[in-house]
Amino acid sequence: REERDDYKFVEERLEKIKEKYRLIREQKIRERVESLGVEISDTDSKEEILQKEREYAAHRQTIELVLESFYRSAASLVFQLNKRYIPKHKSILRVIDRRYETNECFIKYDDSPDEDWLILIYLEDSDAKKGKIIVENKTNPEKYETKSFETKEIFTYSDYLVDTMTTHI
């Protein structure tokens with residue numbers, strides 16, 4: 001009986017430690033979800049926070065999926081241009097993929113900063129249901145152009161991109 005009484009004190013300390021680490025885990029989950037930009041209230045439970053994170057990830061996934069063919073078309077074009085037409089004294093072109101993080105991808109020269117893109121491709125209002133892809137074109141410094149494409153107009157977009165980039169080079 002005395003040994004059991006002594007052990008109860010240890011059990012209580014173990015429970016306090018378990019509770020402390022549970023709170024730390026929940027705080028890390030809360031911080032991770034808040035860093036994504038999801039609004040969380042202080043009264044949200046762990047399950048509600050995880051549900052909001054799943055909803056956010058699903059939304060980002062649909063955006064990424066809508067932009068997939070447009071990104072691939074740009075990547076293929078840049079690959080072909082780098083392979084055949086970029087002279088040795090010029091920097092190569094890159095397609096930077098930020099579809100998941102910021103809902104955009106862009107074409108730029110490798111040695112230029114990200115802000116100096118040539119072509120910017122993004123989903124209008126981050127709304128996959130609208131299905132409008134916006135392409136901003138800065139390849140001609142005298143004339144900036146913005147065009148809008150439906151998601152099913154991938155071939156029109158591809159032709160536009162080829163014409164724009166070959167004119168630029």
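This is a predicted model: local features need pLDDT of at least 70, side-chain atom pairs count only at pLDDT 80 or more; totals for chains, interfaces and linings use all residues.
**Group meeting talk: cores and helix packing**

Asp-125 sits in the loop between E3 and E4. With a relative accessible area of 56%, Asp-125 is exposed. If you look from Asp-125 over to Thr-146, you go 21 residues along the chain, and the C-alpha atoms are separated by 15 Å.

How many residues does the largest nonpolar core have? It has 27 residues, and the ones with the most contacts inside it are Leu-93, Ile-107, Ile-119, Ile-121, Tyr-157 and Met-165. Which elements give two or more residues to this core? On the helix side we have H2, covering 46-84, and H4, covering 154-168. On the strand side there's E1 (93-98), E2 (104-109), E3 (119-123) and E4 (132-137). H2 gives the most, nine residues. There's also a second, separate core of six residues, and that one includes Ile-29, Val-33, Ile-40 and Ile-49.

Leaving aside its neighbours within four places in sequence, Met-165 is in contact with Leu-77, Leu-81, Leu-93, Ile-107, Leu-118, Ile-119 and Thr-139.

That brings me to the two helices, H2 and H4. They pack at an angle of about 30 degrees, with their axes 10 Å apart. That angle is why we call H2 roughly parallel to H4. The crossing, where H2 passes H4, is right-handed. Who makes the contact? From H2 it's Ser-69, Phe-70, Ser-73, Ala-74, Leu-77 and Leu-81. From H4 it's Ile-154, Tyr-157, Ser-158, Leu-161, Val-162, Met-165 and Thr-166. How do the residues of this contact divide into nonpolar, polar and charged? Nine are nonpolar, four are polar, and none is charged.

One last stop, still on helix H2, where we find Tyr-56. Asp-44 is 12 residues from Tyr-56 in sequence, and the two are 16 Å apart in space, C-alpha to C-alpha.

To recap: a largest nonpolar core of 27 residues, with H2 giving the most to it, and H2 packed roughly parallel to H4. Thanks, everyone!

Note on methods. Residues are numbered from 1 along each chain as its sequence is written. Side-chain values use heavy atoms; hydrogens and water are left out. A nonpolar core is a set of buried Ala, Val, Leu, Ile, Met, Phe, Trp, Tyr and Cys residues joined through side-chain atoms within 4.5 Å. Buried means under 20% relative accessible area, exposed over 50%, partly exposed in between (1.4 Å probe, protein chains only). Helices (H or I, at least four residues) and strands (E, at least two) are DSSP runs, numbered from the N terminus. Contact means heavy atoms within 4.5 Å. Axes are lines fitted to C-alpha atoms, for helices over the stretch in contact, and angles run from 0 to 180 degrees between N-to-C directions. Angles under 35 degrees count as roughly parallel, over 145 as roughly antiparallel, 65 to 115 as roughly perpendicular and the rest as oblique. A crossing is left-handed if the near helix is turned anticlockwise from the far one by less than a right angle, and right-handed if clockwise. Ala, Val, Leu, Ile, Met, Phe, Trp, Tyr, Cys and Pro count as nonpolar, Asp, Glu, Lys and Arg as charged, and the others, Gly among them, as polar.
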